[in-house]
Structure formats: structure tokens, C-alpha cells
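Have the model open and follow along.

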Amino acid sequence: MSEITPDTDASRDIAEVPAVEIINTVAVHLLSAAAVKCGLSEHGDEEIDLAEARKLITALAGLITASAPELGDHHARVLRDGLRSVQLAFREASPFPDAPGQGPGEKLTGPVN
């Protein structure tokens, strides 16, 4: 197994990227994947997988909740808005919606209406 050392190009590249940018990038990937799994892509119903969407949304809620104090209001607000959108999309796509406060990520964010 090879080891990543400080001399590799990858570690030098990542060292130059601010943490806020990395967190935002990961959040956008989670948000995009959750949106697709909730049926919000051009293929819609063909790609719905609510079990997978639940995992992605919960991970996104955890990331945003944990990192919000470090991100600052400007960055966190945009991510929270995106999170709320996929939480609502999940609720709409679910044939049996979760009770308020029991949906994906809602234990971390509070109920979404």
C-alpha cells in the first residue's frame, strides 16, 4: 500500500484549498446526489431511491450543522437552503411521509415544513 506523503502533487494541491471551499464542494456533491435520488433530475421518477436519498440528506445535514459555525452565515445559509429544499423534495416524493421532525436530517435541523 502506498502512502501519501507531503511531497505528492495531490497533497500540495489540497494544501492550497481553503477548508471552507472543500466543505462547500462536499456539501454540493451530497446535495446534488440527494436531489437526483429524490427525483429532481431530468429523468425524475426513473432515478428515485428514497433509501439512498435519506442517507445523503442525513449526511448533508450533519456536515452543515457541524461546520456552520466555521463557515459563517454567508456560506451556511446557502447550504441550509439547499438542504431544506431536498428535505422537502424527499417528503413530497415519499408515498408515506415521515412525521414532522422524523424526516432525513430533521433530528439535526428540526422539522421541515
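Helices here are DSSP runs of H or I with at least four residues, and strands are runs of E with at least two, both numbered from the N terminus. The expected span is 1.5 Å times one less than the number of residues.

A word on what you are looking at: this is a predicted model, in which local features need pLDDT of at least 70 and side-chain atom pairs count only at pLDDT 80 or more, while totals for chains, interfaces and linings use all residues. Residues are numbered from 1 along each chain as its sequence is written, and side-chain values use heavy atoms, with hydrogens and water left out.

Now turn to α2, residues 19-37. Its 19 residues should span 27 Å at 1.5 Å a residue, and its end C-alpha atoms are 27 Å apart, in agreement. Within α2, Asn24, Ala27, Leu30, Ala34 and Ala35 are buried. These residues lie on the same side of α2, because they cover an arc of only 135° around the axis, taken from the directions from the helix axis to the C-beta atoms. Their cover includes α3 (50-71) and α4 (73-93). After α2 comes Gly39, with a positive phi near 90°.

Where is space left inside? The search of the whole structure finds one cavity of 30 Å³ or more. A cavity is a set of points, on a 1 Å grid over the protein atoms alone, where a 1.4 Å probe fits but cannot get out; lining residues have an atom within 4 Å of a point. Grid points are joined across faces, edges and corners, and the volume is the space filled by probe spheres set on the points. The largest cavity holds about 40 Å³. Its lining includes Gln87, Phe90, Arg91 and Pro97, and α4 gives the largest share, three residues.

Stepping back, the protein chain has five helices and zero strands, and 32% of its 113 residues are buried.

Definitions and conventions:
Buried < 20%, exposed > 50% of the residue type's maximum accessible area, 1.4 Å probe, protein only. Contact = heavy atoms within 4.5 Å. 1 Å grid on protein atoms, 1.4 Å probe; cavity = no way out; pocket = protein on both sides within 12 Å on 5 of 7 lines; lining within 4 Å.
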